[in-house]
Every structure is written in structure tokens, then in C-alpha cells.
Amino acid sequence: MDLTHRPRRLRRDGLRDLVSETALQASDLIAPMFVDATTDEREPIESMPGHERVPVSEAVARVEEIEATGVESVILFGIPESKDSRGTRAWAEDGVVQRALRRITDETDVFAITDVCLCEYTDHGHCGVLDDGARERWERAETDGGVATSERETSLTVDNDETLELLGKIAESHAAAGADMVAPSSATDGMVGAIRETLDGAGHTDVPIMSYAAKYESAFYGPFRDAADGAPAFGDRRHYQMDPANADEALREVDLDVEQGADVLMVKPALPYLDVVQRVDERTDQPVAAYNVSGEYAMLQAAAEKGWLDIDAVARESLLSIKRAGADLILTYFAEDVAESL
């Protein structure tokens, strides 16, 4: 037997780390953070153990806790005090994210990213302005307690082009409040270009855009919708979020966002779409982000609570796999725990 080639030689202690191909660092991680205008105290998120909604008054303290672990970046999601059909609180000067941002940027050194979308701010829970047909179905459902009937009816909901102007307003309001980067997640065609034009026109030419370029319609978002109070009240989001069956389409989406001026390109979710992360990384020289979403976090936590998995080990291995696939940045609810272990 010819055993000239023995890969095990490189796996011994002291050498194993020296030849490691992929390195995970705390600076790779972005911690999601939920700021809630409807509460005066921290409220645990039942489906996401270890995470809380925090009031604006606790925003700085929460950021300081994150920074203490070595994580240098956060992404803010807001739960407003009121909602309406157009999500007007999303771009209000005294909105929940805007107020939290001013405090955070005044009192901490964290790199503050903001989610730019409407689902948390609309009373119908969709990521934009309802088109006329969907608005009629929503109003009918509100009046008689019913819901839209057919699958075809419920799939067509958002007026794409009318939503673009509102996304620009949200991004501009965040930049004015101190956002270091904005991250549009609404899966609206043309959103990067519309936001870039609005930001530049308002003098925010240095604020980069991290686009949710390949955002899939996924069952893994469930706990987040609970955390951010952003579940759709009727229908679903499959006509504006991508079909999980499609990978080539993700590259077309990425190309469009690059043309429109995106600075960072995100794939969401991460673990079920590592092939897409890899293809996007091979497609572009720009930084690639991946969102290790709430369902990915929750299922590992649930298994760990049963004693079936070592949560620290599987969390780190999960994030390492995302980095290995090609992600430069990882948005993850494991950010603090993994950063501390690093």
C-alpha cells in the first residue's frame, strides 16, 4: 500500500491551525438588534432564546453589550408605536429607528446599519404599498373578517414602483439620523437605484448600500416575523421574494443591483443557500454578505435545549461554513456568543 500522501500529517495540534483555510473573526459578524417603541423595558423574544426587544432608552446599553463581545457592527430593526397602510412611521424624523440611531451614533463607536423596508410599519404587513386589487381585498378582509380567496389573488400584492419612493424616504431619514450603511430588504425591483439616487440627492453620497440582492421566500423567517411584528396579515411574499428553486435568478438579481450601485450584496437565508453564496462570491468582486436567519438560529437552539447538540460547537461550525462558502460578512443571532468564543 502506497501511503506517501498522508493528509493526516497536517492535522496535528500546532500545525492544524497554521494550515487552516478559512478564518472566522468577530469583525466578520453583524448582530441584529430589535428596537421597540411600544415598550419601556426589555422583552424576551420567545422563539429566539437569548434575544430581546429593547426600548429606545436601552438602545445604547444593548449596543455596548454587543461591542463588549468584540462584535463591531449591528443592524437595526424597528417596531413602531403605530402602523398604517403606507408605513409612514418608517421615515418619520421621530421614528423608532431614527431616535435609536441618534443615541447610538452619539454615544458608541459601533458601525450602525439599518434595515430599509416597510413590513414592520404597515398594518397589512407587506413590504410596500398595496396595489389596487390587493388593497380592496385587504379592506374587504378587515371589514368582514374574511381573507382573499384564491392562491392567485393572494400572491399579487405590492405596487413595486410606488414603493420605490417610500424606500428612498426611509433610507434618507436613516442617513440623516446617523446610519453608517443602509440595507434595503423589501425585494422591490429597482430599489438600489432609487435609494442611491435619493441618498446622493440629499448629500449622503458616502453612505453605502448593502442590498438584500438574493432574498428568498423562506419558511426560515418565522421567528423573525414574531420578533419584529412583521408577518403579512394576508397572502404571502412569494411574488416579490425569490423562488427557493432558483439559483441562476439570484445571479441576475445580483447583476442588476451592481448596475444600480449596490456596495455589498447579500444572500438570505444563508445555510440552505450556501451554493448561492458561493456563486455570488464567484460572480462579483464586491463584498458578499449572508444572513444566518432566525429560523436557522431557532432550530439549533431548540435542538440544544433537548440536549441533542452542543450549541457553541454547532453555532461556530455553521458560521464557518457560511464564511467558507464565500461570505465576507455574516448577519447572525449567534454573533455575540461566537465572538466571545473566538
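Five arginines, Arg6, Arg8, Arg9, Arg11 and Arg16, form a positive surface patch. The model is predicted. Arg16 sits in the segment that precedes β1 (29-36).

The structure contains two cavities of 30 Å³ or more. The second largest cavity has a volume of about 50 Å³. Its lining consists of Pro32, Met33, Phe34, His51, Glu52, Val54 and Arg62. β1 provides the largest share, three residues.

Next comes the open space. The largest pocket has a volume of about 350 Å³. Its lining counts 21 residues. Nearest the centre of the largest pocket lie Ala187, Thr188, Asp189, Tyr240 and Glu253. β7 (210-215) and α8 (248-260) each supply at least two residues of this lining. Which element gives the most to the lining of the largest pocket? α8 does, with five residues.

The two spaces are set side by side below.

| Space | Volume | Element giving the most to the lining |
|---|---|---|
| Second largest cavity | about 50 Å³ | β1, three residues |
| Largest pocket | about 350 Å³ | α8, five residues |

In short, β1 follows the segment that holds Arg16, and β1 also gives the second largest cavity the largest share of its lining. For the largest pocket, α8 is the main contributor, with five residues.

Note on methods:
Residues numbered from 1 in each chain as written. Predicted model: local features only at pLDDT ≥ 70, side-chain atom pairs only at ≥ 80, totals over all residues. Heavy atoms only, no water. Patch = residues over 30% accessible without salt bridge, like charges linked within 9 Å, V, L, I, M, F, W, Y side chains within 5 Å. Areas by Shrake-Rupley, 256 points an atom, 1.4 Å probe, with all protein chains shown as cover. Salt bridge = Lys/Arg side-chain N within 4 Å of Asp/Glu carboxyl O. Lys, Arg positive; Asp, Glu negative; His and termini not counted. Charge placed at Lys NZ, Arg CZ, Asp CG, Glu CD. Helix = DSSP H or I, 4+ residues; strand = E, 2+ residues; numbered from the N terminus. 1 Å grid on protein atoms, 1.4 Å probe; cavity = no way out; pocket = protein on both sides within 12 Å on 5 of 7 lines; lining within 4 Å. Points joined across faces, edges and corners; volume = space filled by probe spheres on them.
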